[in-house]
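Have it open while you read, and go through the points in order.

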Amino acid sequence: MSAASHLIIAPVLIPAVVAPFALLVMRRRRRVGVALSLFGCVAMLAAAIALMAQAQDDAIRVYAIGGWQPPFGIVLVLARLAAIMLVLAATLATLVMTHAVVTGLDRKGWHFHPMFQFQLLGLNGAFLTGDLFNLFVFFEVLLIASYGLMLHGQGTARLKAGVHYVVINIVGSTLFLIAMGLLYGLTGTLNMADMSLRVAALPAGDQGLLRAAALLLVAVFALKAAILPLHLWLPRTYAAAAPAVAALFAIMTKVGVYAIIRVVPLVFGADAGAAAWAPAPWLLPAALLTALVGFAGVLAGRTVREQAAYAVLASTGTLLSAVATWREDALAAALYYLPHSTLAGAALFLVADAIGRRRAGYADSAAPGPGFADRQAVAALFMLAAIGIVGLPPLSGFVGKLLILQSTFGADEAPWIWGTVLGTTLIGILGFARTGSAIFWKTEAANAASRSCTPGQADLIAPAAAIGLLGALTLGAGPVTEQAAAAAAQIIAPDRYIGAVLPRGAS
Amino acid sequence: MSLEFLVATAIGALTAGGIYLCLRARTFQVVLGLTLLSYAVNLFLFAMGRLIVDRPPLWSKTTTEYADPLPQALVLTAIVITFGMTALAVTLALRSFLESGTDQVDGSAEARAIDEEAKR
């Protein structure tokens with residue numbers, strides 16, 4: 001194998017090596033540890049971009065770990081969808097890491113950098129793996145790291161929300177194991193491509209179990225993606241976590257969406273007997289209700305962080321409503337909206353941090369307080385982030401929502417999707433307008449208890465960069481939509497994925 | 001009674017107990033519930049390789065019949081992960097108790113008031 005073909009494992013290997021070294025040097029040489037961690041993020045971004053370039057020839061690359069051939073060994077599979085997710089995760093990680101270092105968040109505990117790297121290890125692994133049990137393991141890795149990151153900085157509110165978050169995810173993992181055990185018991189394989197072939201050949205007696213397993217598995221992914229009615233854990237957790245950590249978590253719900261996009265067409269596609277598209281009728285109503293509840297939460301949120309948490313929920317709902325039609329062009333629109341919604345949600349959390357650091361005593365609550373430093377710059381960033389997440393022109397949210405509307409035009413579900421997407425946008429605008437005017441326009445005379453802090457302008461870099469990326473997504477909408485369309489074409493035709501993983505087409 | 005009946009009953013009883021305890025209001029009971037659930041899942045995964053008695057899990061040229069080794073490996077991984085998770089949940093529940101003064105899962109002020117009422 002050439003060096004280029006080994007590159008597939010780099011996004012998993014880099015954080016796995018950086019994390020323990022960062023842990024070792026952190027106590028004695030902080031700066032070295034921080035530099036190592038930042039270097040890890042940048043190296044990961046470089047590897048992800050190189051993999052994206054590799055994926056351009058439309059071939060699906062398979063990396064058999066340890067040389068054990070599928071379906072017996074564990075494989076990493078690089079398709080266009082995985083490459084897009086890798087680039088997105090590495091970009092977001094670099095942004096958030098910069099922000100955490102600049103604002104000193106990483107100094108509030110010892111293990112921020114190692115946990116951050118393990119989180120990335122879990123994310124990248126989940127995007128690349130072609131094995132269902134391996135997906136479970138990477139989910140656990142990213143969850144364990146996220147527990148640590150979520151509690152980073154501590155505080156009573158964070159601990160209370162942390163207990164809920166941990167318990168619900170352990171129950172989720174239990175369900176994942178049950179679904180996976182059922183699928184293994186039925187098909188005798190854990191390799192997703194192999195499973196796809198065997199599911200199609202199951203006898204009639206097993207169809208009921210298969211359907212149960214399919215729905216259970218998708219329910220677990222829906223829990224990770226925080227889709228109604230499994231969304232209740234998200235707002236409290238994200239609003240209680242440190243804003244920079246919550247910004248990284250913006251991609252965690254997208255891992256659930258990724259898993260749904262990866263597994264459903266591949267394993268439970270048209271050939272799957274009783275399980276063929278079994279989750280489809282549930283997914284669309286749930287997604288639409290999620291968007292509705294999310295934007296209602298934006299309207300009701302009392303702090304910018306709470307609003308941002310609900311906005312992440314809402315954007316996942318909007319994203320999945322396009323996915324749930326399972327049409328190629330709608331899937332392409334969703335894959336354009338996915339990077340946008342992740343970056344926009346992260347930008348909003350970072351802006352919330354910038355607001356909170358400047359208003360002592362008021363933090364980021366939507367209440368008028370005394371004037372604070374850099375008010376105009378922060379206000380501009382808040383407005384742009386809000387425009388981005390709600391989906392108004394000129395930023396990429398508008399393009400994304402337009403693509404979703406256009407691609408679902410003429411479908412039976414179109415009235416529901418159009419009504420929800422357009423209606424929730426209006427609710428979102430109202431919500432953010434209320435917060436923005438309370439924080440930036442109304443000011444009270446300063447009282448003795450509250451003083452304005454001036455943390456410098458360095459903490460505006462990361463939010464500005466995130467919004468700059470949204471601008472780049474808008475300007476580069478042509479090439480990005482081409483990428484998304486090509487990725488959607490690969491997803492909707494799983495035969496090529498199966499052919500790449502199992503070249504003999506055997507089993 | 002067949003082996004299948006025994007294992008199925010055990011999984012069912014563990015799951016029922018686990019779900020009941022998970023829905024309780026105290027963190028310690030919830031942690032116990034999670035542990036029971038993980039036992040149930042481990043048994044379930046193990047049974048997914050079919051219940052076979054007295055066969056080696058390794059393949060060799062002389063054996064014709066062998067037990068499926070993969071679920072055993074899966075259960076091992078699952079045990080390690082749940083062990084770590086349970087340890088984390090216990091620590092977290094303890095910290096939450098020490099910080100909020102109550103072991104109610106919500107850790108709310110009302111729960112604390114009820115606790116103090118009960119002590120009197």
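1. First, a working definition: two residues are in contact if their C-beta atoms, placed from the backbone, lie within 7 Å. On that basis, 27 residues of chain B are in contact with 20 residues of chain A. On the chain B side, helix H2 (27–47) and helix H3 (70–100) each supply at least two residues, and H3(B) gives the most, with 14 residues. Helices here (H or I, at least four residues) are DSSP runs, numbered from the N terminus.

2. What is that side of chain B made of, by class? It has 17 nonpolar, 7 polar and 3 charged residues. For the classes, Ala, Val, Leu, Ile, Met, Phe, Trp, Tyr, Cys and Pro count as nonpolar, Asp, Glu, Lys and Arg as charged, and the others, Gly among them, as polar.

3. Some housekeeping. This is a predicted model: local features need pLDDT of at least 70, side-chain atom pairs count only at pLDDT 80 or more, and totals for chains, interfaces and linings use all residues. Residues are numbered from 1 along each chain as its sequence is written, while chains are lettered from A and ligands numbered from 1 in the order in which they are written.

4. On confidence, the model scores ipTM 0.90 and pTM 0.92. Chain B has a mean pLDDT (the predictor's confidence in each residue, from 0 to 100) of 85, with 95% of its residues at 70 or more.

5. Now chain A. Its domain assignment (bounds come from an automatic or database assignment) gives domain 1 (1–272) and domain 2 (279–496). Their centres, taken over C-alpha atoms, are 22 Å apart. The contact between them takes 45 residues from domain 1 and 47 residues from domain 2. H4(A) provides the largest share of the domain 1 side, 12 residues. By class, that domain 1 side has 34 nonpolar, 8 polar and 3 charged residues.

6. Finally, take a look at helix H15 (residues 328–358) of chain A. With 31 residues, H15(A) reaches 46 Å from its first C-alpha to its last, close to the 45 Å expected (1.5 Å times one less than its number of residues). H15(A) bends by about 25° at A:Tyr337, and a proline, A:Pro339, follows within four residues. The bend is the angle between axes fitted to the seven residues ending there and the seven starting there.
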